[in-house]
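We will start with one face of a helix and then visit a single residue elsewhere.

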Amino acid sequence: MTKQVNSYLAQKLQSPFHIGRISYSIPDWIELEDVFFKTPKGDTLLNGGRMRVDLDMWGLLNNRVALNQIELEHIRLNISRTLPTQHSISNIF
């Protein structure tokens, strides 16, 4: 599953993307380890250890991605805010 997720997201985002390990507990959470993501401009956006995401499963059942909580451990995150555009994270999915 990890290989398929890496391939899909790298192609969809058109940027280097890597997840070393995925674990999950349905219906509650997904945990990603050894995560790396570069922007199309070549800047490292996310790099590091462990990312645990608490999902809203009712939202998923209604074709909506909603996150209750995100936990980061040993993660380097590079975020900058620009003027609003037509692009958003919803375009990834």
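On the face of α1 turned away from its buried side sit the exposed residues K3, Q4 and Q11. Here exposed means over 50% relative accessible area, buried means under 20%, and partly exposed lies in between (1.4 Å probe, protein chains only). This is a predicted model, in which local features need pLDDT of at least 70, side-chain atom pairs count only at pLDDT 80 or more, and totals for chains, interfaces and linings use all residues. Residues are numbered from 1 along each chain as its sequence is written, and side-chain values use heavy atoms, leaving out hydrogens and water.

The buried residues of α1 are T2, N6, L9 and L13. They lie on the same side of α1 because they cover an arc of only 80 degrees around the axis, taken from the directions from the helix axis to the C-beta atoms. Their cover includes the strands β1 and β2.

Helices (H or I, at least four residues) and strands (E, at least two) are DSSP runs, numbered from the N terminus.

| Element | Residues |
|---|---|
| α1 | 2-13 |
| β1 | 17-25 |
| β2 | 29-38 |
| α2 | 57-61 |

Just after α1, Q14 takes a positive phi of about 55 degrees.

Now for L60, which has its place in helix α2. L60 is partly exposed, with a relative accessible area of 33%. Leaving aside neighbours within four places in sequence, L60 is in contact (heavy atoms within 4.5 Å) with L55 and V65.

Notes: The expected span of a helix is 1.5 Å times one less than its number of residues.
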